[in-house]
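Have a look at the sequence and the model first.

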Amino acid sequence: MVIDVVQVCGEDIISRDSGRKVRDLILSCWDEPSIDVIFGGRRVGSVSFFDEAIGLLMKRGKKSAEEIGSKLKFPDLKPEDRRLLNHVFSARVQEIKA
Amino acid sequence: MHSERIEFPRQPTIAYIDSFLKAVRRVLDLSEGEVVLDLSRICEVSSVLVCFLCGLVDLSQSKKNRISLVLPRNKSASKAILAVQKLVKGEDGGQIRIAERTWQARKITGNNSAVLEEILDLIGENLRISGEARDSLIVVLTELLTNAIDHSGEKSCYVCAGAWGRSRMLHFTLLDFGMGIPQKIRTRYPQYEDDVDALRDLLKKGLTTRVGLEGGRGYRYIQEILRRNKGRLHIFSGRAKVVLKYDKGEYNYRRARKAFTGTCVDIQFNLDAAGLDAYVAEDKKGDYF
């Protein structure tokens, strides 16, 4: 299963509203063995988007960090965005554990 | 016909924000009149000046006011302001897009971060910006843009970025004429009657204005990045005036005598430092992806 973020969200790949669209789509196809989230070479750079789309899969989607980490793939995510995503996501993991 | 002559200070920098906020109030109070933006005394140009000029021209036109510009007597300032004069003459075709060698101004009407990347790319043609500094700037500017577009209720904002003189500080101003941050906070937290308290808790506790939803993380990253960058963050909204000088360790929250309907955020970013790298490294908790 492939989710093309630019196709889903258009030019807005930074807002929480767009993040929520992506999260809802991820949850709707959660039964797929693997989900590739692609960005078409675009830079995201948004804490809000990553938190809403991926970080809140735990709190709102009731999925575990391990499930999310193994199911979701980000094949074309830029290295600087991957680092930001990991930071935002791990902050949510810490909150859940606390 | 009623007329308003708005004189700008000799040094139109963020230190003189009160004169810009007063100018907005005067233009808002005038309809089908004449607005004269008198820049004759200014001897330098700043991102906050350009941002407010774009906003005042746009605001005047929306109030059906005739608008004119008195150019600066200072030659270099006058040359820089010529680009703004085109807006007054309506030569911009309704778009606000000014591309100068060391500064850029735009009116942004959506959550499109590509505009921010374009601004940094163009400024980077004449000013050395490291990859790490650029990454940090993108995160800061993206969060400021989504806040302005999502929370102001206006769905548009004015931005200007530039470096002046030999400074290695990039100045970035973002202005909207929406409801303002304190008012927006009160839609979820009515107990925040005081604008300064609302801004203080937004920055310190991460209040979110999204009813029933998550949020409030953007300003945490902005502050953490600017703290490590030794930059500055100014926020003026409603009656709150916040000035955080991370380079000097000075943090001030003040109350303005009159309210500003809108939000002006101004950052100063040290291009010889970054911020995001250090924050992520210090706070690293593990990789999942």
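What follows is a tour of a predicted model, going from confidence scores to sheets, helices and a few single residues.

Let's start with the scores. The model comes in at ipTM 0.94 and pTM 0.93. Chain B has an average pLDDT of 91, and 96% of its residues score at least 70.

Within chain B, strand 8 is where confidence is highest, at 97. Helix 3 (residues 75–88) of chain B sits at the other end, with the lowest mean, 87.

## The six-stranded sheet in chain B

Six strands of chain B make an open sheet, and if you walk across it you meet them in the order 4-5-6-7-9-8. The pairing is antiparallel. At the edges are strand 4 (97–99) and strand 8 (232–245) of chain B, each of which pairs on one side only. From one strand to the next, the twist averages 15°.

Helix 8 (residues 218–229) of chain B lies across strand 8 and strand 9 (250–270) of chain B, at about 50° to strand 9.

The loop between helix 4 and helix 5 (131–151) of chain B holds Glu125(B). Is Glu125(B) buried or exposed? Its relative accessible area is 62%, so Glu125(B) is exposed. Glu125(B) and Thr102(B) are 23 residues apart in sequence, while their C-alpha atoms are 8.7 Å apart in space.

## Two residues in strand 8

Arg232(B) is part of strand 8 of chain B. Arg232(B) counts as buried because its relative accessibility is 15%, and the cut-off for buried is under 20%. The side chain of Arg232(B) makes a polar contact of 3.0 Å with the side chain of Asp247(B). Setting aside residues up to four places away in sequence, Arg232(B) touches Leu226(B), Leu244(B), Lys245(B), Asp247(B), Lys248(B), Asp266(B), Ile267(B) and Gln268(B).

His234(B) also belongs to strand 8 of chain B. With a relative accessibility of 5%, His234(B) counts as buried too. Beyond its neighbours within four places in sequence, the contacts of His234(B) include Ile14(B), Val242(B), Val243(B), Cys264(B) and Val265(B). Asp266(B) and Gln268(B) are on the contact list of His234(B) as well, and both are also touched by Arg232(B).

## A parallel pair and its crossover

Elsewhere in chain B, strand 2 (residues 34–38) and strand 3 (residues 66–70) pair in the parallel sense over five bridges. Asp38(B) stands opposite Val70(B) of strand 3. To get from strand 2 to strand 3, the chain passes through helix 2 (residues 47–62) of chain B, and this β-α-β crossover is right-handed.

Which residues make up the covered face of strand 3 of chain B? Ile67(B) and Leu69(B) do, while Arg66(B), Ser68(B) and Val70(B) are on the uncovered face.

## Positive phi in two loops

Two residues of chain B are worth a look if you check backbone torsions. Glu32(B) has a phi near 50°, a positive value in a residue other than glycine. Glu32(B) is in the loop between helix 1 (17–28) and strand 2 of chain B, and counts as exposed at 56% relative accessibility.

Lys230(B), not a glycine either, has a positive phi of about 55°. The loop between helix 8 and strand 8 of chain B is where Lys230(B) is found.

## The sheet in chain A

Over in chain A, three strands form an open sheet in the order 1-2-3, with parallel pairing. Strand 1 (2–4) and strand 3 (72–73) of chain A each have a single partner strand, so one side of each is left without a neighbour in the sheet.

Strand 2 (residues 35–38) of chain A runs parallel to strand 3 of chain A, and two bridges join them. Asp36(A) has Lys73(A), in strand 3 of chain A, as its bridge partner.

Definitions and conventions:
Residues numbered from 1 in each chain as written. Chains lettered and ligands numbered in written order. Predicted model: local features only at pLDDT ≥ 70, side-chain atom pairs only at ≥ 80, totals over all residues. Heavy atoms only, no water. Pairing = 2+ DSSP bridges. Helix = DSSP H or I, 4+ residues; strand = E, 2+ residues; numbered from the N terminus. Axes fitted to C-alpha atoms, helices over the stretch in contact; angles between N-to-C directions. Contact = heavy atoms within 4.5 Å. Buried < 20%, exposed > 50% of the residue type's maximum accessible area, 1.4 Å probe, protein only. Polar contact = N/O pair within 3.5 Å; in protein donor to acceptor, adjacent residues only side chain to side chain. pLDDT = per-residue confidence, 0-100. Right-handed = clockwise from strand over helix to strand, strands pointing away.
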